[in-house]
Amino acid sequence: MKKIALLTSGGDAPGMNAAIRAIVLSCEYNNLSCLGFYHGYNGLIEDDFIPLSSQLVNAEIKNGGTLLKSARCPAMMTETGVKQACNTLLKNDIDCLIVIGGDGSFHGLLAIKAHWQGQVIGLPGTIDNDLYGCDKTIGFATAVNTATQAIDKIRDTANAFDRAFIVEVMGRHSGHIAFQVGLSCGAESIFSFENYNNENHREILKDLIAKIQTQQLNRKASYLVVLAENLWPGGASALQEQLKAQGDIESAICILGHTQRRGAPVPEDRVLATQLGLKAVDSALSGDDNIMLGLSANQLAKTDLNEAVSKNKPVDDEFITAHKGPLTHYLK
Ligand SMILES: Nc1ncnc2c1ncn2[C@@H]1O[C@H](COP(=O)(O)OP(=O)(O)OP(=O)(O)O)[C@@H](O)[C@H]1O
Ligand SMILES: O=P(O)(O)OC[C@H]1O[C@](O)(CO)[C@@H](O)[C@@H]1O
């Protein structure tokens, strides 16, 4: 083992730089060279890289985004693209490829693995927290913190008007951000993939209207709906129109969007990324292959990449039951 290649792929996540830093520092400590490939898998396909050193990365622990840039790279979905990526790995005498990204990025690793003999290791880096095999992905804690801070501000203005607010959060097709943010902000309603089913759309809407009316008429208070993206047919604006048309309820919308991916990582993400970055190099040195590293119940967990991409990590049932029961009982 002499040379490690590293890239960040998919949606950037706060803490990716902290992971890169830890990997590079550990490589130097262990006398390994580390090449950083730019723009996700594009860097591999185009042989576009930079030799990484502690000097380059040391100050990066506090920075959001990723110094290696990221991308969604359609060429990796083709055999030609995968083979080009593998040629770059061969040409540069790479022994191990470490990718920080989400499940899509790990599909990329699996595709490479089919054509290349070196070791592949994945680190979970996505704000969505939708990866099996780890309690939390790098970036999730920061995204939740960013959304919470934004919604706390929204709540102040909502309170001043006793107004209903619909706040849309990211997560692609998973409800981890929606539930964590909804609980952390004391949202009256949280709609996500775990508790919304299009077949029950009418009843869900009717129930929501009744709850907002109860809150506004009886308690003279604001009402916060945290809505997962890609869930409600027509999105937040359709829900706003339906509240007006069917309940005569005025509401305001805020789509938090990419703000959730921005900014400095919170300490929890910096520490998680540092731990996983260091472990990734240890793992490479010990010959591990085809795995994703994560922390599960505070212990290092090595999950087969096939398992990591094929199994679901559901939102904790306790969150769902608590929100439905004791946390919102007063709305009935
Ligand atoms: N089936 C696949 N085969 C080869 N490469 C893939 C495959 N799926 C995804 N990739 C590669 O991984 C990249 C990132 O995937 P994707 O856009 O799904 O993001 P992700 O890694 O899941 O991260 P995030 O959860 O932050 O969006 C893709 O643009 C592509 O280059
Ligand atoms: O940045 P893009 O390509 O618009 O992707 C947005 C998606 O990426 C994520 O931020 C991370 O997967 C999702 O939450 C969101 O659906």
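Residues are numbered from 1 along each chain as its sequence is written. In this predicted model, local features need pLDDT of at least 70 and side-chain atom pairs count only at pLDDT 80 or more, while totals for chains, interfaces and linings use all residues.

**Exercise 1. Describe how helix α1 and helix α10 pack.**

Step 1: Two packed helices are described by the angle between their axes and the distance between the axes.
Step 2: Find the helices, which are DSSP runs (H or I, at least four residues): α1 covers residues 16-29 and α10 covers residues 267-285.
Step 3: Their angle is about 35°, and the axes lie 7 Å apart; axes are lines fitted to C-alpha atoms over the stretch in contact, with angles from 0 to 180 degrees between N-to-C directions.
Step 4: Look at who meets whom, with contact meaning heavy atoms within 4.5 Å. Among the residues involved are Ala 22 and Ile 23 in α1, and Gly 277 and Leu 278 in α10.

**Exercise 2. Find what joins domain 1 and domain 2.**

Step 1: Domain 1 is 3-139 + 265-310 and domain 2 is 140-261, with bounds from an automatic or database domain assignment.
Step 2: Across the boundary, 17 residues of domain 1 touch 13 residues of domain 2.
Step 3: Count the salt bridges (a side-chain nitrogen of Lys or Arg within 4 Å of a carboxyl oxygen of Asp or Glu): there is one between the domains.

**Exercise 3. Examine the pair Glu 79 and Lys 83.**

Step 1: Side chains of opposite charge can pair when their charged atoms come close.
Step 2: Glu 79 and Lys 83 form a salt bridge, their closest N and O atoms 3.2 Å apart.
Step 3: Both lie in helix α4 (residues 79-91), four residues apart, about one turn of the helix.

Conventions
Chains lettered and ligands numbered in written order. Heavy atoms only, no water. Helix = DSSP H or I, 4+ residues; strand = E, 2+ residues; numbered from the N terminus.
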